[in-house]
Amino acid sequence: MKKVIYLLASLLFSTGICIANNVQITNMSIVNGGPGAIQVKFDLTWDNSWRTNVGPANYDGVWVFFKYKNLAGDWVHMNLTGSNNVAPAGFDIFQNSGFTKVGAMIYREDTNLGTGSASALNVKLGVISSLPYDIDVKGFAIEMVYVPAPTSRPFFGDGNGITESVNALHYTDNTATTTSVVPMLCDVNGFDDAELDADGIYIYSNDTIQTTNPLGALDPFPTMKALWCMKYEINQASYRDFLNTLDSQQQASRVAIPITNPTGSSALSGGISRNYIEIATPGAINTPAVFGCDANGNNIYNEAGDGEWIACNFLAWVDVAAYLDWSGLAPMSELQYERICRGSSSAGGNAAALGEYAWGSDKIFASNYSLTNPATASEIASNASVTLGNAAYTSTASGGPLRSGIFATATSNRVISGATYYGVMEMSGNMPEYCISLGSQAGRSCRYVPNGNGTISALGNAQLSVGGAGFWPGMEGNLNLAATTTCSGTCEVTSSGGIRFRGGSIGDAVSALAISDRSAVFTPTARASNRGGRGVLYIR
């Protein structure tokens, strides 16, 4: 009979009411019901959950996935079967189609309305039956937000008829798109090609684009179907845990220093800008390092004040892509970014407002934040505005990124918490969002954008199915924006052609935080103090 040696049940503790959102997997075990009936059993709890049938009419959930140690001592992904699942009363389980499942989404069922802590006990998920006899298992949990498909064409761009954000999408100059199927355009600039600048691109509700009208050959491109979005940006605990499941060669690609460096060496940042991931135990040629967080610098790792809940910076696109592939998630497009922020109500698209931020207004706090309980799960900005939108950018976050969800409290509304229409946090400021670009052939040719498969390459890169139909930006080393993204070789993501930033960051002026601003000039292959990210889960 198989048994599990319980090692770790974690992670991505995020925040809401001045404490960690405290998403936890506990009491995890492997249940052996005979051939074809192997299950992973666990309890799942998280705070500040919701489901509503009015307004956004959406809900949150938790994406869970598992890794186990094989006979060679490597952590590998545990594929799920989609059968023999057991959901406790009040909860549902979603898994994508396909023979094996990378993970599962646990969320409130449609009668389980309300807000507050959620507790799904004795969840059981069907697991592949070819597991080793004695296994160490790690469970991972990421809070997500359901974003429904729009009931009518949402607004893209923020033009008010007179002016608009820099390089904003529009159908005529300074005019945001409306409910009509019209070609999407932008002003002529050095970061978009002539197709978007001059000819326009037609956007359709079935996740397709094309360059002609009437209908020609449709290209599958992530636009307006329902999806799940990470509630928070990748935090330092999450990236640390990712690193700690990689082998030595993979780790070497995903940090900025040799993994053989001594204890206390900063893994990504050189010890600046509030990135606290360090080498806790040095690695060797064939032995991975152990990484930990150590904000107070005492070489005792992962203590309560060691910065685990701060958004992770110094992540290049190739780092974020590897994390998303490993966790079974995917990059969003810049069209999805605007829709997640602005929303689309049951009555139709929410009108665009000039210069609006993720919280739906152009009013924003502009003084440097004073932090209380810094680097802890209860880190707060004690002087945060109680009337204006709050966000981390050059005028407010001089020291580095802030704790994910820092502005959400028990009494905060959408504006002062900085939340999007659907409840996603920090889509304006803190870390930018890596998005698939509509304005280049490298981006538009990312068709059939797949979710990650839970496994990265031997070199530590995101790697899609070799010869498959799916494409992510930067595959096959493409950095040429005019080149078509291909998947004909190893299909590894080793560059960044087709990626652009949206939403601004701690290193940007306030104008870059506007939903529709497309002014970012960057080299996304480089790590920097103002680069991090998040992902989405496509429903297929």
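A residue is called buried when its relative accessible area is under 20%, exposed when over 50%, and partly exposed in between (1.4 Å probe, protein chains only). Both Phe140 and Trp326 are buried in this sense. The structure is a predicted model, in which local features need pLDDT of at least 70 and side-chain atom pairs count only at pLDDT 80 or more, while totals for chains, interfaces and linings use all residues. Residues are numbered from 1 along each chain as its sequence is written, and side-chain values use heavy atoms, with hydrogens and water left out.

**Aromatic pairs**

Rings of Phe, Tyr and Trp (its six-membered ring) pair if their centres lie within 6.5 Å; planes under 30 degrees apart are stacked, over 60 edge-to-face, and the rest tilted. The whole structure holds 20 aromatic pairs. Two of these pairs are set out below.

| Pair | Centre to centre | Angle between planes | Class |
|---|---|---|---|
| Tyr107 and Trp228 | 5.7 Å | 55° | tilted |
| Phe140 and Trp326 | 5.1 Å | 75° | edge-to-face |

Helices (H or I, at least four residues) and strands (E, at least two) are DSSP runs, numbered from the N terminus. Because Tyr107 belongs to strand 7 (residues 104-108) and Trp228 to strand 14 (residues 227-230), their pair ties together parts that are 121 residues apart in sequence. Tyr107 and Trp228 are both buried. Phe140, in strand 9 (residues 134-147), and Trp326, in helix 4 (residues 317-327), are 186 residues apart, and their pair links distant parts of the chain. Phe140 and Trp326 also belong to one aromatic cluster with Phe65, Tyr239, Phe242 and Tyr323.

**Cysteines**

A disulfide is a pair of cysteine sulfur atoms within 2.5 Å. One disulfide is found in the whole structure: Cys487 is joined to Cys491, with 1.9 Å from S to S. The torsion about this S-S bond of Cys487 and Cys491 is about 110°, so the disulfide is right-handed. Cys487 counts as buried at 8% relative accessibility, and Cys491 counts as buried at 0%. Cys446 is in no disulfide, the nearest cysteine sulfur, that of Cys487, being 11 Å away. Cys446 is likewise buried, with a relative accessible area of 0%. For Cys435, the closest cysteine sulfur is in Cys341, at 8.7 Å, which is too far for a bond. Cys435 counts as buried at 0% relative accessibility.
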